Amino acid sequence: MVEKRKGARSIKDIPLDILEQLNKGEIETANLTEWLAVDQKLLLENLLQQNNRSEYLKPILENIGKLKKETVNTVNETIGIGLLNLATNNKDEEFLLKLSTHPADLVRCWAAYTIGRNNNLIFKEKLNKIQSFASDTHFGVREICWMTVRPDISKNLVESVSILSEWTHHDNENVRRFASESTRPRGVWCEHIDALKQNPGLGLEILEPLRSDSSRYVQDSVGNWLNDASKSQPEFVVEICDEWLRESPTKETQYIVKKALRTIKK
C-alpha cells in the first residue's frame, strides 16, 4: 500500500516540484491547502494539450473571464460546464469518460459537473452516474459532486428523498454521507432548500436509517443536517433527538444529537 502523502500547511510551503505535478494533473492534492493552490486554468491547458483538445481552451477561458468573482468553486464549475458543452457539441463522449477516472482530483471534479449539469440525463440517471463520484477516495471530489446535483435535488425533492434513502444502506460510508450531505436544508456554499427548512420531516426517510451510523463522517453530516433544520424548526429537531435517544441510546446517536442541538438556546 502506498503511503499517503502529507500536504503542506501553507501554499508558500508547497515544494515547487509538487506544485508542478499538481498543475500537470499527475498527482492528487493531499489537503485543502494544495487544493486551493492548483492553478486550474493551467491544469486545464495541460489536460487539453495532453489529449489533443487544445481548441477547447479559449472558449472556456473566455467564460472564466466573465465571472463576477473567480473562486476555486466558480472556476471549477465554469470549467466543468464548459467541457460538457464543448464535448457534447463535438460528440466527444470518449473525452468525457477519460475525465471521470483521471489521476487529478480537480479533473474528476470537472467530470462531476459534466454529469450533474447534463440536461440530457433524466434525474434518476444523474444520481446513478454521480454515485461513483460520491464514493471517490478524495474529499474534494466528494464535496463537489453533491453540489453539482443540488439544484436538481431541490427541484425534485420527493424523488430525491426516495432514491437517496436507498443509498443510506450502502456499504460505502461516503455514499451514505452523500445522501445526508446533499439534502442539508441550509448546506454549505450552496442555495438553501426552503421546503426542508420549513418542513424538515420530509427528510426523515434519509435521516432515520443513519441515526446510529458507525461512521463519524456520516454522523457529522446527520448532526449538521439537523442543526441546519434547528435554525428554522427547533421544536421539531428537539422532538426527533429525544425520540432517537429513547429508541437507540447508542454512543453514535448521542454524538449526532449533541451536534444537532449545539446551537439551540436552552
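Q: Where contact means heavy atoms within 4.5 Å, which residues in H6 do Leu83, Leu84 and Ala87 in H5 meet?
A: This is a predicted model, in which local features need pLDDT of at least 70 and side-chain atom pairs count only at pLDDT 80 or more, while totals for chains, interfaces and linings use all residues. Residues are numbered from 1 along each chain as its sequence is written, and side-chain values use heavy atoms, with hydrogens and water left out. Helices (H or I, at least four residues) and strands (E, at least two) are DSSP runs, numbered from the N terminus. Those in H5 that take part are Leu83, Leu84 and Ala87, and in H6 they meet Phe95, Leu96 and Leu99.

Q: How do the residues of the contact of H5 with H6 divide by class?
A: Nonpolar covers Ala, Val, Leu, Ile, Met, Phe, Trp, Tyr, Cys and Pro, charged covers Asp, Glu, Lys and Arg, and the others, Gly among them, are polar. On that scheme, the contact of H5 with H6 has no polar and no charged residues, and the nonpolar ones number 6.

Q: Which orientation do H5 and H6 have to each other?
A: The axes, which are lines fitted to C-alpha atoms over the stretch in contact, with angles running from 0 to 180 degrees between N-to-C directions, come within 8 Å and cross at roughly 150 degrees. Angles under 35 degrees count as roughly parallel, over 145 as roughly antiparallel, 65 to 115 as roughly perpendicular and the rest as oblique. H5 and H6 are therefore roughly antiparallel.

Q: What is the hand of the crossing of H9 and H11?
A: H9 (residues 139-155) and H11 (residues 173-181) pack at about 40 degrees with their axes 10 Å apart, which makes H9 oblique to H11. A crossing is left-handed if the near helix is turned anticlockwise from the far one by less than a right angle, and right-handed if clockwise. For H9 and H11, the crossing is right-handed.

Q: How many charged residues does the contact of H9 with H11 have?
A: From H9, the contact draws on Arg142, Glu143, Cys145, Trp146, Val149 and Arg150, which meet Asn174, Arg177, Phe178 and Glu181 in H11. By class, there are 4 nonpolar residues and 1 polar one, and the charged residues number 5.

Q: How many of the 12 residues of H7 are buried?
A: Helix H7 (residues 105-116) should span 16 Å at 1.5 Å a residue, and its end C-alpha atoms are 16 Å apart, which agrees; the expected span is 1.5 Å times one less than the number of residues. Buried means under 20% relative accessible area, exposed over 50%, and partly exposed in between (1.4 Å probe, protein chains only). The buried residues of H7 pack against H2, H3, H5, H6, H8 and H9. H7 is largely enclosed by the rest of the structure, since the buried count is 12 of the 12.

Q: What distance separates the C-alpha atoms of Asp105 and Glu26?
A: Asp105 belongs to helix H7 and counts as buried at 1% relative accessibility. Leaving aside neighbours within four places in sequence, Asp105 is in contact with Glu28, Thr29, Trp35, His138 and Val141. Although Asp105 and Glu26 are 79 residues apart along the chain, their C-alpha atoms are separated by 9.9 Å.

Q: What is the relative accessibility of Ser182?
A: Ser182 lies in the loop between H11 and H12 (194-198). Not counting residues up to four places away in sequence, Ser182 touches Trp146, Arg150, Ile153, Leu164 and Ile193. Ser182 counts as buried, with a relative accessibility of 0%.

Methods. Contact = heavy atoms within 4.5 Å.
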